[in-house]
Amino acid sequence: MIIAANFKTNKTRAQTREYMDELNRFIHLEKIRAEVIVFPPLTALDSFTGTATVGVQNAYAVENGAFTGEVGTEQLDEFGIKTILVGHSERRHVLGESQKEITRKFNYFKALGYRIVYCVGEKVETREAGEEALMAYITSQCEGIDLEYENLVIAYEPVWAIGTGLVPGKEDIRSIHAQLREKSSRPLLYGGSVKIGNMDEIVTIENVDGVLVGGASLYVQSFCQMIKTAEEKI
Ligand code: PGA
């Protein structure tokens, strides 16, 4: 089971440190076996003591150079970071990253052996067009991506479910994850409005190997409670 927290553009360096201290204390005291990953904002990257993995929400496919506003692997290496989110819907649809750029990023970090949490998910109009259209769209988001990369984790996150409180039905998640499973044997996370109240149901769905949590991960107590729920399902 993999439980990941995406802070997005939230939390300062000091708030992140406090959060990580509390989270790592919880993991240690409760002897949590699930893998916990946290993606803080770039300004809060640091070295932390404890077993939770720290990853980046984004980086440029370069070691260093002239790419104003970006960070490369030189900056990640300073903190021993080897985990990255690629293809998140906000980068695709808000920041305009194309599949071509995403594929280039994926291949760059794959060649360096990074753990890649690769996100896919449809917009509402695609969902309304039916499951065939939905799967065709997700397949197009996997173009150029090695779905059997040994350090890959796939996150299915419907765009319309992110930050909205809306979640697909249990049967929809089961069906889409079953079809993703046919494409890849790597862990499959569900993401989109996961919270304490629906965690129990989501982590028991077949082929759901964990969750990627945005808003509900911002309070460390809530996130710890969600980890505990997932832990009981291991
Ligand atoms: P949410 O975000 O949990 O706030 O819906 C999930 C994500 O974007 O990864």
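## Charges over aromatic rings

Lys11 lies over the face of Phe7, 5.5 Å from the ring centre; a charge is taken to sit over a ring if NZ of Lys or CZ of Arg is within 6 Å of the ring centre and within 35 degrees of the ring normal. Arg104 is placed in the corresponding way over the face of Tyr60, at 5.7 Å from the ring centre.

The model is predicted: local features need pLDDT of at least 70, side-chain atom pairs count only at pLDDT 80 or more, and totals for chains, interfaces and linings use all residues. Residues are numbered from 1 along each chain as its sequence is written, and side-chain values use heavy atoms, with hydrogens and water left out.

## Aromatic pairs

The structure holds seven aromatic pairs. Rings of Phe, Tyr and Trp (its six-membered ring) pair if their centres lie within 6.5 Å; planes under 30 degrees apart count as stacked, over 60 as edge-to-face and the rest as tilted. Tyr60 and Phe67 form a tilted pair, 4.7 Å centre to centre with 40° between the planes. Tyr60 is partly exposed at 26% relative accessibility, and Phe67 is partly exposed with a relative accessible area of 36%. Here buried means under 20% relative accessible area, exposed over 50%, and partly exposed in between (1.4 Å probe, protein chains only).

The ring centres of Phe109 and Tyr114 are 4.9 Å apart and their planes stand at 75°, so this pair is edge-to-face. Phe109 and Tyr114 are both buried. Phe106, Tyr118 and Tyr149 form one aromatic cluster.

## The parallel sheet

Eight strands form an open sheet with parallel pairing, in the order β3-β2-β1-β8-β7-β6-β5-β4. Its edge strands are β3 (53-54) and β4, each of which pairs on one side only. Helices (H or I, at least four residues) and strands (E, at least two) are DSSP runs, numbered from the N terminus; two strands pair if DSSP finds at least two bridges between them.

Strands β1 (residues 2-6) and β2 (residues 35-39) run parallel and are joined by five bridges, with Val36 in β2 as the bridge partner of Ile3. Four bridges pair β4 with β5 (residues 115-120) in the parallel sense, and Val117 in β5 is the bridge partner of Leu85. Five bridges join β5 to β6, where Leu152 is the partner of Ile116. Three further bridges link β6 to β7 (residues 188-191), again in parallel; Ile154 stands opposite Leu188 in β7.

In β6, five of its five residues are buried. Leu152, Ile154 and Tyr156 lie on one side, with Val153 and Ala155 on the other.

## A buried glutamate

Which side chain of opposite charge is nearest to Glu157? Glu157, in the loop between β6 (152-156) and α7 (170-183), is buried yet has no salt bridge, and the nearest such side chain is Lys8, 6.5 Å away. Lys and Arg count as positive and Asp and Glu as negative, while His and the chain ends are not counted. A salt bridge is a side-chain nitrogen of Lys or Arg within 4 Å of a carboxyl oxygen of Asp or Glu.

The side chain of Glu157 does make a polar contact with the side chain of His88, at 3.3 Å. Such a contact is a pair of N or O atoms within 3.5 Å; within protein, one must be able to donate a hydrogen and the other to accept it, and residues adjacent in sequence count only if both atoms are side-chain atoms.
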